[in-house]
Amino acid sequence: MLTWLCISLGVAFGTSVLPVMSVELFVIGLVTSEPWLPWIGVGAAAALGQVAGKLLYYLAARGSIELPSALHRTRKLRPPSPARERWQRRTKRLRGMLEAVRERCHRHPHWMITTYGISSVAGIPPYMATAVLAGMVRMRLPVFVVVGFLGRLVRFSALAAAPSVFASLLRV
């Protein structure tokens, strides 16, 4: 049992840092193939891995850790191409909306906590984006960890319990 929980933690951390697969599908697949695993344990392991992985994004957005130089954007001093200018015009409204959200989060810290909490449970807005935004607006680290862990715990525990709940409902 401990092996599967450690694997769940590792997969959740890995998919949190580099999202190439869905940890939700992993959790459902794990509890479907190994129904004796405790759903709360799988949910807690996945939640801990997800929050630990997103903590790296939070700290990078906050400026507490430096990204490798390969990940930094380099600005070229040449004039923008016509395609780049079209792209700038198309995304001007979106960039303005993102800046407005960022400013609102600075003015109302509780609004950011609520948004981050909803995102950690529902995934809307995307959890990765709210983790980065939380770092940008300098949300306190304990609040980030606790709210994120509790929200992810609810999400992954519900997913882990879903197969057995549906199986018991269908046996009626």
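Helices (H or I, at least four residues) and strands (E, at least two) are taken as DSSP runs, numbered from the N terminus. The model is predicted: local features need pLDDT of at least 70, side-chain atom pairs count only at pLDDT 80 or more, and totals for chains, interfaces and linings use all residues. Residues are numbered from 1 along each chain as its sequence is written, and side-chain values use heavy atoms, with hydrogens and water left out.

The protein has eight helices and zero strands. From the N terminus on, its elements run α-α-α-α-α-α-α-α. The C-alpha trace spans about 65 × 35 × 35 Å along its principal axes. Of the 172 residues, 31% are buried. Here buried means under 20% relative accessible area, exposed means over 50%, and partly exposed lies in between (1.4 Å probe, protein chains only). A contact requires heavy atoms within 4.5 Å. Among contacts between residues at least 6 apart in sequence, 76% join residues at least 24 apart.

In soluble globular proteins, nonpolar side chains tend to be buried together. A nonpolar core is defined as a set of buried Ala, Val, Leu, Ile, Met, Phe, Trp, Tyr and Cys residues joined through side-chain atoms within 4.5 Å. The largest such core holds 14 residues, of which V27, L30, V42, A46, F156 and A160 touch the most other members. At least two residues of this core come from each of α1 (2-17), α2 (23-33), α3 (39-62) and α8 (141-170). The largest share, five residues, is supplied by α2. A46 contacts S8, A12, V27 and F156, leaving aside neighbours within four places in sequence. A second, separate core has 13 residues, including V51, Y58, C105 and Y116.

Y116 lies in helix α6 (residues 109-122). Its relative accessibility is 0%, so Y116 counts as buried. Beyond neighbours within four places in sequence, Y116 is in contact with Y127, T130, A131, M139, F144, V147 and G148. The C-alpha atoms of Y116 and V147 are 7.6 Å apart, although the two residues are separated by 31 residues in sequence.

At 0% relative accessibility, S119 counts as buried. A polar atom of its side chain lies 3.3 Å from the backbone nitrogen of Y127. Not counting residues up to four places away in sequence, S119 touches I124, P125, P126, Y127, T130 and R152.

Two loops show backbone features of note. P125 sits in the loop between α6 and α7 (127-136). The peptide bond from I124 to P125 is cis, with omega near -5°. R138 occupies the loop between α7 and α8. This residue has a positive phi of about 60° although it is not a glycine. At 51% relative accessibility, R138 counts as exposed.

Helix α8 has 30 residues. From first C-alpha to last, α8 reaches 43 Å, close to the 44 Å expected at 1.5 Å a residue. The expected span is 1.5 Å times one less than the number of residues. α8 bends by about 40° at A162, and a proline, P163, follows within four residues. The bend is the angle between axes fitted to the seven residues ending at a position and the seven starting there. Buried residues of α8 include V143, F144, G148, G151, R152, L153, R155, F156, S157, A160, A161 and A162. The buried residues of this helix pack against α2, α3, α6 and α7.

Side chains of opposite charge can pair when their charged atoms come close. A salt bridge is a side-chain nitrogen of Lys or Arg within 4 Å of a carboxyl oxygen of Asp or Glu. The structure holds one salt bridge. E24 forms a salt bridge with R155, with the closest N and O atoms 2.9 Å apart. E24 lies in α2 and R155 in α8, so the pair ties together parts that are 131 residues apart in sequence.

Terms used
A polar contact is a pair of N or O atoms within 3.5 Å; within protein, one must be able to donate a hydrogen and the other to accept it, and residues adjacent in sequence count only if both atoms are side-chain atoms.
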